[in-house]
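Please read the numbered points alongside the sequence and the structure displayed here.

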Amino acid sequence: METGNADTYTKDGTIDIYGKPAMKEKTGRWRAGSLVLVTEGLAALAFTGVEVNMVLFAKTVLGQSNADAANTFSTWMGTLNMCTLFGAFLSDSYLGRYLTCVVFQGVLVIGLVLLSLSTQEFMLEPKGCGKIGDLCNKPSQAKVASFYISIYLLALGSGAIEPALATLGADQFDEEDSDENKSKTAFFSYYYVALNIGSLIAETVLAYIENLGKWVLAFWVSTLCGVLALGFLLSGTCRYRHYKPCGNPISRFCQVVVSCVRKFEVNVPLNGEGLYEGENECARTIPHTNDFKYLDRAAVMINSDKILLSTKGQSSNPWHLCTVTQVEEVKCVLRLLPIWFCTTVASMVFVQVLSLFVEQGSAMNTKISKNFHIAPASMTAFDIISTSTFIISYEKIIVPLYIKLVKKEPKIPSELQRIGIGMGISVISMVAAGLVEQFRLRYADEGETSDLSILWQIPQYVLVGVSEAFIYVAQWEFFASQIPDGLKSLGLGLSMSSSALGSFLCTIIVAVVMKFTSKNGEKGWIPANLNEGHMDRFFFLSAVLVAFDLVLFVTCAHRFKCIKQEKRDQVKETSDSTLI
């Protein structure tokens, strides 16, 4: 058994707040990780308190139509998720995870304060408006502008913090320690559960308050939660473990491209023999792989490079000569792009949960008992409960029960297999939503609602929740494991930003569908009065698109080759292997 420094300090290269090697007993582990989980739960509650009824706010307060409200929401969510890449870039390049989290949690709080103040002072006119069926006066352009400024500050703050906060939490566990490495794997599951618990409270309590027209109260509660999240994050300042930022990844990628272009006519050696590999201060060395061979030119040493390197005290010019590890970083990202693209269409389903599903619920019978009506946005609670329940029960109940029944360890599905299973369930959820819409139309009244109970939406919400449990957690684990050391936040940001493209894609599809289905005096598939449209056809169209995307995903997943990095305490060469 090792003693001394080996037991005192972490082995994964993390440092403490003072820049010294992190001590195991005084930093990290679940003491620090739990603070990150609480921060995420409160931040999710704060943001979701605004997000959950954004469509309703756009319709009742801003006076937008169903299609315009759905597009406002989808575009906003798309911007939010694109901000994850911006936050990940700053985290990996300059600020580090912790400082990125502090700065953008502050931006989130500022956005919440502006939204709360503007809503309180001049958005709700006349007083008492904003309930379902009780529209406010259409606000002036200046008031609408203040609203958009506040919600896009929310998008920047919430989006930029997500990959940095998740990675900061994972950094608290030493992957070179077997016990802590197991906790690191479990952290992403608990992180998603924390996100869901915060969202659940917002989508039940705050959504109910907002449906009563008490927008000001709900927004100030969200603001308070945002401030508390910042406080919990700051309370762990001296406990967190950190990695040093590794510089601008965009410039490193550009250096590989420029070097390849400069050496376009240079022959690439077989099996990477003779390629340049210098010292890597921030990251572990990545062994050479044989795919994307044209990029290997960046690491080929020509005469001018050899002369420069032979001069005492001189180092290579990265715009002329790159290391094998630098080239392999680019290859890793290129391998991930097809998987990333395939998950975007599935993300379109999750966007519809907070837009079209809510609009569908608003046109159903929300009466549960004589004196109680359920808020349509609160139905998303079934999505969150099913997601969290499945994540927790999978390892604690399902797997142990399986072992007890069959008397052997189960073969755990890989991350890519779990993503594929989730996409398959997404198809079923869209079909279920379409069938419910057909039944809703059968029981439609002469107005804008239907006698069909809103409880018929439960199956589609549960199916989407189980789909999320499969896709999102596996996607985070997959991208975190398949990205080089210096790009960890970027990897999670790339994973989370797949939702951005899904949001924009949903906006485009809704716009195109409405354009082609509203010709010749027709109302279109998603009109202001859903009883005059055919939203069921849009749900079935979504199911077809996700099914096609699943076929493309399976093809890409079978061809994917996983990254192999050298261990931190020894050099270990391995060959390529597949994950599915």
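1. Accessible areas in this note come from the Shrake-Rupley method with a 1.4 Å probe, and for residues only the protein chains shown count as cover. On that basis the protein exposes about 25,100 Å², of which carbon and sulfur atoms supply 62%.

2. The model is predicted: local features need pLDDT of at least 70, side-chain atom pairs count only at pLDDT 80 or more, and totals for chains, interfaces and linings use all residues. Residues are numbered from 1 along each chain as its sequence is written, and side-chain values use heavy atoms, with hydrogens and water left out.

3. Overall dimensions. Along the principal axes, the C-alpha atoms fill a box of roughly 85 × 60 × 50 Å.

4. Secondary structure. The protein contains 17 helices and two strands. These elements are DSSP runs numbered from the N terminus, with helices (H or I) of at least four residues and strands (E) of at least two.

5. Packing. Of the 580 residues, 56% are buried; buried means under 20% relative accessible area, exposed over 50%, and partly exposed in between (1.4 Å probe, protein chains only). Among contacts (heavy atoms within 4.5 Å) with a separation of 6 or more, 81% join residues 24 or more positions apart.

6. Charges. The mean positions of the 49 positive and 53 negative charges are 1 Å apart. Lys and Arg count as positive and Asp and Glu as negative, while His and the chain ends are not counted. Each charge is placed at NZ of Lys, CZ of Arg, CG of Asp or CD of Glu.

7. Cysteines. A disulfide is a pair of cysteine sulfur atoms within 2.5 Å, and the count by this rule is zero. For Cys556, the closest cysteine sulfur is that of Cys342 at 4.1 Å, too far for a bond. Cys506 also has its closest cysteine sulfur in Cys342, but 18 Å away and too far for a bond. Cys506 is buried, at 1% relative accessible area.

8. Backbone points to inspect. Arg29, in helix α2 (residues 29-51), has a positive phi near 60 degrees although it is not glycine; Arg29 is partly exposed at 28% relative accessibility. Phe292, in the loop between α8 (249-262) and α9 (303-310), likewise has a positive phi, near 50 degrees. Phe292 is partly exposed, with a relative accessible area of 26%.
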